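Please keep the sequence and the structure in view while reading.

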Amino acid sequence: MSSIISRIKKGQWWKFHGGIHPPQQKHFTYNKPIRNIAMPEELILPLKQHIGQKGELIVSVGDKVLKGQPLTQSHHPMAVPIHAPTSGTVKAIHDAPVAHPSGFNEPCLFLEPDGNDTWKKRVLCENYQQLSHQAIIDKIANAGIAGMGGAGFPSHIKLNTKPEIEFLIINGAECEPYITADDLLMREHCNTIVEGIKILDYILKPQHILIAIEDNKPEAIKAIQQASANENNIQVCVIPTKYPTGGEKQLIKTLTGQEVPHGALPNSLGIVMQNVATCFAIAEAVIDDIPLIRRVVTVTGKAVEKPQNVWALLGTPVKHLLTQCQYQPQPKEHLIMGGPMMGFSLPNSYVGIIKTTNCILAPTAKEIPNEDNEVECIRCGQCADVCPSQLLPQELQWHAKAKNYDQLTKYNLFDCIECGACAYVCPSQIPLVYYYRIAKAEIRYQQQQELKAEKAKARFEARKKRLALEKIKREEKHRKAAEARRAAMNSNSAEAQSAKSAVAAALARAKAKKAQTAEQQESSKSQENIVEKNTSDKKSAVAAAIARAKAKKSKTAPKVEEVVEKTNKPAKAAATQQEAVPAVDSKKAQVAAAIARAKAKKETQNKTTKTTKTTKADQTKSSNTTTAKPDATKATKTVTKKTAEKQKATSKKTQSKAKPAASTTKKVTAKAKAAPKRTTANQKVTKDTKTNDNEKTNNIAVTSAENAEIKAQKIKAAVAKAKAKKAAETNDANNQNTQESDKKQRIAAAIAKAKAKKQQLNQQQQEST
Amino acid sequence: MAFFIASSPHEHNRSKTSALMRLVIMATIPGIFAQWYFFGWGNLIHIGIAITCALITEFIVLSLRNKPLNKYLLDGSAILTAILLGISIPALAPWWITVIGSIFAILVVKQLYGGLGHNAFNPAMAAYVLLLVSFPVQMTNWQPPLSLLPIDLDFNNALSTIFTGFTLEGYSVEQLRTHIDGFTMATPLDTLKTNLTLGLTLDEIHRAMPMVFGENFALGWEWVNAGFLLGGVFLLIKRAIHWSIPVSFLGSMLIFSFIAYSFNPDLNPPTMFHWLAGGTMLGAFFILTDPVTCATSVKGRLIFGALAGFLVILIRNIGGYPDAIAFSVLLCNMAAPLIDQYTIPRAYGQGTSKNTEELK
Ligand code: SF4
Ligand code: SF4
């Protein structure tokens, strides 16, 4: 360790194997400042601009968006959102060619700028050190920052590391010919970059911070050295110019002498690497609340008259950049996104700049000839001499051409970083990397196919087993059901009585509901009847009323509520389904709850003024989407607590579960009525849930049915199952998400929804009165 | 507007296989010059014949295989093969030897295996071995250096000898090889081998036939070898060949000849003789280094060269043939794929790093 640092201080570097020295060609853009360019007429924003998954679209065609407004959101750690680079209108969303070597079409959002460049509301952060690490990482994730050096790995993932970090390496090597984007950024914005590095320092607490810059960028080195002069754990490393020193693995080897093990990430060595441009973006995101919406792009090559670095909004069409830099159309047009070594040819110039685009190279035919001069490999071994991964490219190409995939894996094809050094030196001018890409793609495809086949087989077998099991269960249920029914009808036991009373209660509730919606006067009467029949505590009623009033209030903040609704939709559905189980257990609680609700309703009619007062505090809170949920939960808790005081027979826990279930019962009472016999309901549930992909939900439904039997709460079970069925119907599509959501949230959501519905009814009532 | 699509890297150092071949061809010039200086025009004439035949054969085969002629015909590989064969054939061997050799080299050894890059054996050496085995008399008829010849072997004489078997004055090759003292002069290696089998010691041979060996090690041959060494160094500087094979080959010859010499200096010639006699330097820098047929990785090449050196010493000292470059090259060519199998270099981040184990 100390030896590493002492070596670094002395300016001694390790050597990685191979490497080449292609002509630099940086002089085209080296000494011109980063230019701002005119706003393009249209921005083409691929929804996915990084490695990982694309976010979920949250705007639609025709929407007006503000600068910096998120266009997608992410539920997945490997998904980062994109943001509107300027204010304007979403024109279209469809598949279009994107900046990717595959040349495939991918979903893109077309934004027409309105020319005003109006920012969304930004919240500046004066002192990020007051924020928690997680808050900063969230900020970085929400700003859509992904590695800007080339690969586009989501930055927040790298920062979310557990192990102790020894070295934070800031990559400013920029070893590809032609590109000077990072160089210029370091020269012009060294302070912001150092600010970004300090943020990373705050999050990761590395022992050492190394800023690696190749020795062909003396001005950038000076700038960064000055900007970081006061930070004593920052070490600016001036490393020799060699391609591909900027590669993550190669840079780690150069600086620390360590090799990233095959198949592992650098953080397994206690190393995190970030690109300088990423540091800049992180500083902007955390301090100024500017999401990643622009970047420096080197527009260069002999085919452009004014090669220069420009600030390009993400989504800027390449054509626009070229026009701005006075591109001279060539007889044989060839545009390269990225550098000449690792960049890829563009299919046309209507492709948007993305987060990883550091260069647009427009060479003349003479500058980068495109003849196919490939001859046979003569096994000269020059490729192996320069390969930084120490592979044998000649063997690889041999086996790649022969489609000998086992051998390819043996020769470590997947350690190839596609740097192109081998193809650069190959005297036979074999496009080696091209062969590797094809081979890699095919091997991956094969593996996927194998995996798929395996999965399909496993699925098939699991299904067979499940079906067999279900059949047995079904038969068992039929038998038990028949017995139980006989028992219930014939005996006059307490069990039967309670069951009957439950039916009565359910009927009453259903009636009440119907009456409410149809005739207000009558409905209130019938409610009163129930209230009178079942003695209840006034306190619980008041509490329930408050809760509902709160829900109503939050409803009055319409937009926010809508968002809550939207996000909670799948969760709610799941909740209703899951709660079916406890509902069966606590029939009494349900009855009580129904009563409470009925009462509360009346209360609300009478004491609106009173409730408004109590909920004022919550009202302000509920303007925020995130606080709305806890609020609801709080409300429920109070309700359940009060109810618990009264209904001492059942435990608190069951009650809290029972409550939401009870609220949903209302919805399905009609159904429950229609299904008088448990057995039929049972069958339906099984049938419906079968269609459901999600096995977990399936199990829950089954268990619920079993529970019901054990407790012999037959009719209740029918109700529950009917509920489950409905839930299954409503949430079939959204099912998968529900797994992830917190159970509490689900309960809360269910309650909120139930309440909201009730509230609506109330409103209707009020309006008509 | 259709855009040009190409795979990265778009940049290339503009080197070409044909350029590489040209470089190697150029590097043979000092050696050929030395050969010409000491042995006359014979080899140059053979080189000319070989190139002509090789190109014609290549042309026919490429046409038959529908390969693009412009790419392959003049890529220099056939010419190089022809030159190497021409150098190896005895200067005054009959013309048809070269014709058969070059056709065999190109047609069978190279093209039948799949053309450039696919041949398992070095074409020049395979052809040489074929000729040596089929026509041992013609293939061992090395004339002595010009200085020992009774007549002036000029271009016309050499030409006439190659095509008719006799000089313009009517001397046969056999007569040219006969010393004034009445014995037949052969190459130093030949002489040594023949006489060692007759039971003489090195000292006795040297005393009996001093003119064959000259003042240093092997009259004429030492300069030819020096010429090829010079060309080889040029190739090393130009990075046209890798240092590993010549170094390990000459190194292993040094080691094994030294072992043999210290074991019995009477019967085993010293290292310098091995290095400078026969085709050692040609083999070290021009034949073993033929990339197509040698091992791939640096480690593999070191083993490959060492093996070749060992075999050369073994055959020269113990075996039945005076020179052994061609045989050992072919044997090593055969071993190369095996060597490759066991010398795959450790890729970055693979294997030995202790971190990998820690991770697991
Ligand atoms: S550099 Fe090209 S010709 Fe030489 S061994 Fe590698 S692939 Fe073959
Ligand atoms: S592209 Fe792959 S095989 Fe070629 S030099 Fe780079 S890492 Fe090695």
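In chain A of this predicted model, four strands form an open sheet in the order 2-7-6-4, with antiparallel pairing. Strands here are DSSP runs of E with at least two residues, helices are runs of H or I with at least four, and both are numbered from the N terminus; two strands count as paired if DSSP finds at least two bridges between them. At the edges lie strand 2 (43–46) and strand 4 (64–65) of chain A, each of which pairs on one side only. Strand 2 of chain A is joined by four bridges to strand 7 (residues 105–113) of chain A, the two running antiparallel, and Leu43(A) has Leu111(A) in strand 7 of chain A as its bridge partner.

As for conventions, this is a predicted model in which local features need pLDDT of at least 70 and side-chain atom pairs count only at pLDDT 80 or more, while totals for chains, interfaces and linings use all residues. Residues are numbered from 1 along each chain as its sequence is written, chains are lettered from A and ligands numbered from 1 in the order in which they are written, and side-chain values use heavy atoms, with hydrogens and water left out.

A nonpolar core is a set of buried Ala, Val, Leu, Ile, Met, Phe, Trp, Tyr and Cys residues joined through side-chain atoms within 4.5 Å, where buried means under 20% relative accessible area, exposed over 50% and partly exposed in between (1.4 Å probe, protein chains only).

| Core | Residues in core | Members include |
|---|---|---|
| Largest | 91 residues | Ile170(A), Val318(A), Leu322(A), Met337(A) |

Leaving aside neighbours within four places in sequence, Leu322(A) is in contact (heavy atoms within 4.5 Å) with residues including Val299(A), Tyr327(A) and Ile360(A).

Chain B has 20 helices and zero strands, and 57% of its 360 residues count as buried. Within helix 10 (residues 173–177) of chain B lies Glu174(B), which counts as partly exposed because its relative accessibility is 38%. The C-alpha atoms of Glu174(B) and Gln143(B) are separated by 8.5 Å, although the two residues are 31 residues apart along the chain.

Around ligand 2 there are 13 residues, and among those that come nearest are Cys387(A), Cys416(A), Cys419(A) and Cys422(A); a residue is near if one of its heavy atoms lies within 4 Å. Helix 13 (421–425) and helix 14 (432–490) of chain A each give two or more residues to this shell.
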